[in-house]
Structures are given as structure tokens and as C-alpha cells.
Amino acid sequence: MAHSLLSGNEAIARGAWEAGVSVAAAYPGTPSTEILENLARMDGVRAEWAPNEKVALEVGIGASVGGARSLVTMKHVGLNVAADPLFTAVYTGVGAGLVLVVADDPGMHSSQNEQDTRNYAAFARVPMLEPTDSAEALAMTKAAFGLSEELDLPVLVRSTTRLSHGKTLVEPGERVEVPGRPYAKLLGKYVMMPGMARKRRIDLEQRLSRARALSEDSPFTFEEARGSAIGVVTSGVAYQLVREALPEASVLKIGMTYPLPEQRIRDFAAKVERLVVVEELDPYLMSNLLAMGLIVDDAGLAHIGELTPGVVAAAFGAAAPETRDPMEDLPARPPMLCPGCPHRGVFAALRAMDAVVMGDIGCYTLAALPPLSAMDSCVCMGASIGMAHGLGLSGGAEGRPVVAVLGDSTFAHSGLTGLLDVVYNGGVSTVIVLDNRITAMTGHQDNPFTGRTLQGGSAPEIDIEAVCRALGVADVRTVDPNLLKPTRTAIEAALVHPGPSVVIAKAPCALLTKERPDPFAVDEEACTACGECIRLGCPALSRDGTARAVIDITLCVGCRQCVQVCKYGAIQRTGAACDIGGSR
Amino acid sequence: MTITTDDAAVQAVTTVMLVGVGGQGTILASDVLAKVAAAAGLDVKLAEVHGMSQRGGSVDTVVRFGTQVFSPVVDPGSADHLIAFELTEAARWLHFLKPSGRLVTNSRTIAPLPVLIGDCQPSTGIEAALDYEGAVFIDAEELACEAGSSRSANVVLLGAMSVGLPFPVELWREVLAGRVPPKSVEANLAAFELGRRACERGACEL
Ligand SMILES: Cc1ncc(C[n+]2csc(CCOP(=O)(O)OP(=O)(O)O)c2C)c(N)n1
């Protein structure tokens with residue numbers, strides 16, 4: 001087969017497919033999402049979105065126990081959610097190969113924190129592979145299934161944003177059909193009660209010592225001998241930066257970073273005068289090398305954010321290249337809610353009501369920024385509900401309304417248990433579910449409330465109202481957030497209800513709406529420059545030199561939200577952008 | 001196993017940086033470029049970012065090609081070509097362009113949030129400053145409308161970009177046609193052509 005240009009995520013999907021994977025489960029999360037989206041299109045695989053990462057991993061463990069090669073994928077924070085099954089799945093081991101792909105996001109391009117999953121590998125004792133480009137992503141994922149079976153352990157493949165969303169050349173291979181293994185009932189292996197778990201804990205050490213031996217022989221670890229002055233130990237994408245920044249240095253590129261190939265590291269260390277580590281995020285390799293008693297020179301690289309070749313080169317004394325002067329005083333360009341986003345209506349109401357808003361994670365988190373400024377917190381998926389309840393208990397809001405706001409996918413992920421807590425403990429929180437019919441932030445994935453599955457099948461469209469009632473919430477109402485007044489009225493009514501209440505703001509994501517009504521324009525004569533429409537924070541709306549509103553007709557999608565806030569009738573329909581000469 | 005490779009390869013790498021506003025289609029344009037370079041038999045790396053910034057934030061994509069490419073990411077002062085889909089973004093990323101590099105920019109601006117809501121004044125003099133830096137200006141939206149769809153401004157810029165890169169026009173057209181929805185192939189090829197011509201009129205010489 002010829003070379004193809006594949007993203008790391010496409011290559012991981014391809015590698016799993018070539019290894020004969022037959023079951024895959026995931027919850028979306030940047031930068032991991034496209035792995036399952038790609039795999040879902042390949043033959044012979046059952047690929048599913050789970051409501052969260054814990055469930056996804058449990059599906060994978062079950063499928064593996066049942067004898068099918070299984071893949072589970074998630075972003076770094078997803079592993080916090082899935083950590084519970086993982087830590088015990090290393091005790092049970094696998095039936096057929098079980099591979100877990102976790103994608104880290106150094107630099108937090110699209111995440112609420114920075115985590116180095118390599119620590120989890122050592123903490124949970126899961127063998128780990130770290131690809132450096134798409135070709136290795138394919139090869140390692142493919143090999144990981146065999147490794148998992150050989151070691152009777154799940155295997156973790158760690159990616160990062162630059163691997164997952166970088167494209168490099170790959171030579172795809174053929175799929176091997178792996179017959180399913182018959183399920184065997186094995187109490188000592190799969191029932192982790194203390195008596196059995198103690199035995200498996202000892203067995204785990206034996207499996208890990210086999211893993212150590214395999215790590216020494218791993219074809220994914222290689223040494224490049226150049227000068228003996230500097231020897232760099234590195235892994236993952238950092239290897240590419242080293243090649244670019246330090247062409248003279250000898251390099252030990254480690255493919256299997258847990259357990260580490262200690263003998264190979266010692267052999268390499270013995271050959272070089274100055275031993276250094278280049279790695280992104282935590283000093284994982286560094287601390288291991290130090291713990292081995294090696295003398296490692298600290299190059300002083302930061303443990304925060306991404307590395308670049310220039311940063312690596314500078315740490316080794318290279319002069320920065322000549323550059324043009326950066327331009328000063330440019331306005332920042334933070335991301336923002338799209339034109340026509342239905343979330344906007346809810347936040348416009350919450351701002352007007354001066355509510356304390358415990359927020360959550362999704363596109364709607366952008367409403368925390370001005371001019372909406374209508375969100376007070378964002379911690380982790382589902383946190384809004386528990387936090388609203390807790391903030392209510394604290395009494396700190398001093399009479400201001402307190403609400404929790406979260407998206408439909410987030411509600412399925414981990415909002416349900418929070419709501420159960422509110423009902424059980426007699427809380428009075430008002431929860432607003434922003435049901436835009438999709439998981440939007442991560443690029444439009446289906447979820448249990450959309451009525452469709454990852455592979456395009458139809459699913460029961462689970463009714464959020466009915467779920468909330470079943471959980472014991474008596475006051476549940478649904479409103480169209482594109483209608484601003486009714487939305488505010490619904491939230492106010494929910495807030496005065498004496499018990500817990502839920503408002504479902506239901507309208508599809510603007511990016512999914514196919515019809516494009518003609519855009520609107522501002523009638524200059526009628527506009528009084530009051531600024532009401534500007535406070536919606538719509539990308540299409542700004543002020544002209546006289547502070548009057550203007551609409552960029554190439555961006556306006558005709559949603560009518562601004563029309564509803566204009567008291568002067570100054571916003572009127574106009575013609576399509578190209579017909580009337582493009583934008584301003 | 002010990003591997004040795006040709007380190008001179010690092011020298012023979014071309015770096016193209018595409019910058020703009022999330023949603024403008026920089027990802028499609030960079031994907032086409034990377035596929036063209038791969039089809040021409042070169043090693044290629046592309047780095048892009050999905051997710052949050054795609055919601056109207058500042059976005060950058062890097063495509064690097066040559067005999068052997070290592071790093072997917074680059075530093076200030078290292079791009080041979082900077083293709084900006086929006087004027088303020090051209091200014092924001094300018095220092096990534098080599099002093100000898102080529103700058104092609106859309107002449108349109110999209111006001112960022114702080115400017116929209118009046119928290120911050122729109123920058124003045126960007127166009128003049130970029131002109132001084134040797135920028136080539138393309139009105140991508142106007143040409144896209146001319147080609148039949150305001151949505152193909154990204155392909156107009158791709159056409160303009162293609163003029164300064166060492167790949168045959170047939171290859172560009174072939175890869176582009178294979179990458180866009182079948183219904184829009186014609187409009188996109190027209191947009192590509194208009195972008196190319198705008199450059200060939202002399203504006204895009206290095
Ligand atoms: C544990 C965890 N898993 C995944 C993510 C990635 N993530 C961030 S927002 C989001 C989806 C939000 O969807 P939804 O709640 O429907 O809101 P929308 O973006 O549609 O407004 C996901 C999956 C995360 N931040 N944390």
C-alpha cells in the first residue's frame with residue numbers, strides 16, 4: 001500500500017483495526033475524539049459512544065473478558081473518571097487484548113487542566129507505549145493488542161495534541177482477523193474480592209517483570225549514535241523536537257515508557273559525557289533516571305506547556321534566529337459563542353437576573369467571558385450541579401439566585417448523579433440543561449439524548465424531562481432558548497419553585513441548522529446606540545464609529561436573537577451577503 | 001538497534017504557516033497543501049489544533065515539507081510562507097515569518113470579541129504596517145463571491161498560496177477536487193483559479 005497522510009488519531013484507529021479490534025468504546029474529548037469517529041467507519045468493528053469514560057472502559061474490559069480485542073479512548077481528564085476500573089483491571093488482566101488510548105493536551109489548547117498521563121501508567125501499573133508520529137501510532141497501537149495478550153494486562157497508548165492532530169506519512173497494512181476467544185468463568189481472575197485480589201496483586205508483579213523484559217527488547221526503543229558529548233533520553237513527540245534542535249546529539253528514544261528499559265538506559269548513559277532528558281510536561285523520565293542513580297544534567301526545560309524546537313535549542317545554548325518585530329497592542333481573540341448559538345439566550349437571561357451560575361464544560365463555558373459574563377465556575381464535567389447545591393448550603397450567595405448550567409452531553413456524562421444528590425438531600429437547586437441536541441464542543445458527536453449512535457444507527461431518544469422526573473424532580477419544564485422572554489420567564493418560575501427544579505433549554509446547535517435565513521442589518525436612523533444587542537456577544541454585531549450597532553452580514557445567520565432585544569425595531573432583514581456586495 | 005539518518009535534511013524543509021480565525025477553513029486549506037506535498041513525493045508534517053479555538057478564536061496551522069521533516073511545530077522566525085486569512089491574525093503571527101519569507105493576507109478583518117463589545121479599540125494602521133513588511137493583499141471574500149460562493153474564501157487564499165510553491169497546478173486541482181464535497185468541486189476550482197490569478201498578476205512574487 002502507498003503512503004497515506006494520516007493524523008495520529010486516524011493512524012491509531014487504523015492500527016487498532018489492523019490488529020483485528022472488534023469492540024471499541026469512548027467518550028469524546030479533544031484531542032482524542034477522531035480516533036473512534038474514524039474506527040466507526042471501518043468494517044468489522046462495533047464502535048460506540050459511552051456516556052462517560054468510566055463506562056467506556058468498563059465496556060472495553062467486559063468485551064475483553066468476553067474474548068474480543070477491544071479499544072477504549074479518551075482525553076487525559078477522562079482517565080480521572082475511568083481511573084477506578086483501570087486500577088483494578090490490571091489485577092484481573094484481560095481476556096483478549098485491551099488497549100486504552102489516552103490523549104494529553106500540553107499547553108491546554110482545549111482543556112481545563114494539564115495532566116501527564118505517564119504518571120497514571122506508573123501509578124496503576126499499566127504498560128505504556130508513546131508514539132512519536134503517525135507511523136508509530138499505527139504500529140504501536142497494532143502491537144499493543146498482542147502485548148496486552150502476552151502480558152495479560154491492559155496496555156496504554158499515550159498520545160498528545162501534536163501527535164493526535166498532527167498528520168504525517170504512514171504506510172497502512174492489512175487487517176488480521178483475530179478469532180474471538182471463548183469466555184471463561186474464572187473467579188480467581190475476575191472477582192476481585194480481598195482474598196482473590198491479594199493473589200492477583202502478587203501475580204501482577206510477575207506480569208510486570210515480564211513487561212520489563214519486553215521493554216528492554218522493544219523495537220520501539222532505539223538508539224541513535226552521533227557525538228558522545230550530549231546524550232538525550234526522550235520519548236513521544238519530544239523526540240522529533242530533539243532531532244530538529246540537536247542534530248549533533250546522540251539520542252535514546254524510548255517507545256515503551258512503562259516499565260522503562262533500565263538496562264538500555266544505563267548502557268546509553270555509559271556512552272555519553274552529558275546525559276540529559278527532553279520531555280514535555282512532568283519530569284517523568286527525569287525522576288526515573290535519577291531514581292536509578294544516574295547523573296542527569298538538568299537542561300532547565302519548563303514543565304508547563306508545550307516544547308518547541310527553538311525552546312529545546314535555546315536550553316542547549318543555541319542563539320535564537322533573527323525575527324521580524326512582533327506587532328504590539330493587537331486585540332486578543334478569544335473563542336466565542338457562534339452567531340445564532342442557542343446557548344446565548346439562557347445566559348442573556350441569567351446575566352439580567354444577576355444569578356450566581358455554577359457552570360460546566362462545553363461550548364457554553366464561553367459565556368463566562370464578557371459581555372455575557374454569566375458563568376462563575378468551570379471545574380470538571382458535571383461539577384455544576386454538586387457545586388450549586390454546595391454553594392446553596394454555604395449561604396454565600398446572600399439571596400441571589402443560584403443555578404447550575406450544563407449541556408446535554410455533560411448531563412449524561414455526570415450530571416445525573418449530581419441531580420440525584422440534590423433530590424436526595426432536599427436541595428433546592430435550579431438546574432438548566434442546555435440541550436442543543438449534540439455534543440458540540442468536541443465537534444458534534446451524538447449522545448444518549450440525540451437518538452442516534454456513533455455508527456449511524458437510531459437509538460431511543462432518551463427524554464430528559466422524563467429522566468429528571470424519574471430522579472424525583474417535580475418541577476421540570478422545557479423552553480426554546482432562541483425565544484428570549486419565555487426563556488427568562490421559565491428560569492424565574494423554576495427559581496421560585498420550593499424544591500429542586502430543572503429547565504431544559506432545547507434548540508439545535510446553530511452549526512447543525514442547515515437552512516440559512518437571510519441576514520439582518522441595522523437601520524442607522526432607528527438605532528439609538530443603546531448597546532443592548534452588543535451585550536449578546538454575537539460575533540456578527542459590533543459598534544460603528546458613532547457607537548451605533550452594525551451587523552456583519554457575512555457572519556449573521558438570521559437567528560433573530562438581537563431583534564428581540566432591540567427596543568427600537570432597528571434590526572431588519574436584508575439580502576444574502578454575496579447579492580449585496582459582500583461584507584462591509 | 002542503532003539508526004543514523006541524514007541530518008542535512010533539516011535544512012531542506014519548507015515551512016508554511018496558515019493563520020486565521022476559527023471557522024474560516026484554514027484546516028481544509030492546510031490539508032490540501034499537505035496532501036499536495038505528499039503526492040509530490042516529499043515528507044510532510046502538518047500540525048493543527050481542533051477544539052475550543054475553532055469557535056472563533058485565533059488559529060494557526062503549520063505545514064512543513066521536504067526530504068525529511070522532524071518537528072511538527074515551529075518557532076518565531078522560521079516560516080517561509082505566512083498565509084493569513086484575516087488581517088489582524090496576519091499581524092499577530094507576523095514574527096513567525098522569516099525576514100526573507102513571503103506574506104500573503106486576506107484584506108478583510110473580522111473584529112475579535114473585545115473590539116465587538118467596545119472593550120478595546122480596533123487596531124489602526126495594520127494594513128500599512130503589513131504593507132511595509134511586504135504583504136500581498138487578496139480580497140478573498142470578493143473573489144469567492146465572484147466564484148459563486150462566499151464560503152470558498154479559504155480556497156481563494158489556497159490558490160494565491162499555490163503560486164509561490166513548487167508544485168504543478170494540475171496536482172493542486174486534483175487534490176482539491178478530491179477533498180471538497182462533490183457538489184462544490186466546480187465552485188472551489190473556480191475560487192482556486194481566481195486566487196491563483198490574483199497572484200499571477202504579479203502580486204505574489206517572492
Ligand atoms: C472528563 C472529560 N471528558 C471529556 C471532556 C471533553 N469535553 C469538553 S466539553 C465536552 C462536551 C460538551 O457537550 P455538551 O455538554 O453537550 O455541551 P455543548 O458543547 O454541546 O454546548 C466534552 C466531551 C472533558 N472536558 N472532561
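Two strands count as paired if DSSP finds at least two bridges between them, strands being DSSP runs (E, at least two residues) and helices DSSP runs (H or I, at least four), both numbered from the N terminus. Such pairing turns up between the two chains here: β8(A) and strand β2 (residues 43-47) of chain B run antiparallel and are joined by three bridges. In that pairing, T168(A) sits opposite K45(B) of β2(B).

This is a predicted model, in which local features need pLDDT of at least 70 and side-chain atom pairs count only at pLDDT 80 or more, while totals for chains, interfaces and linings use all residues. Residues are numbered from 1 along each chain as its sequence is written, chains are lettered from A and ligands numbered from 1 in the order in which they are written, and side-chain values use heavy atoms, with hydrogens and water left out.

Now for the interface as a whole. Contact (heavy atoms within 4.5 Å) links 68 residues of chain A with 69 residues of chain B. The chains bury about 5800 Å² between them, 60% of it on carbon and sulfur atoms; buried area is the accessible area (1.4 Å probe) lost on putting two parts together, summed over both. On the chain A side, R324(A), M327(A) and R333(A) lose the most area to chain B, together 17% of what that side buries.

R333(A) also forms a salt bridge with E86(B), with the closest N and O atoms 3.0 Å apart. The count of salt bridges between the chains is five, each a side-chain nitrogen of Lys or Arg within 4 Å of a carboxyl oxygen of Asp or Glu.
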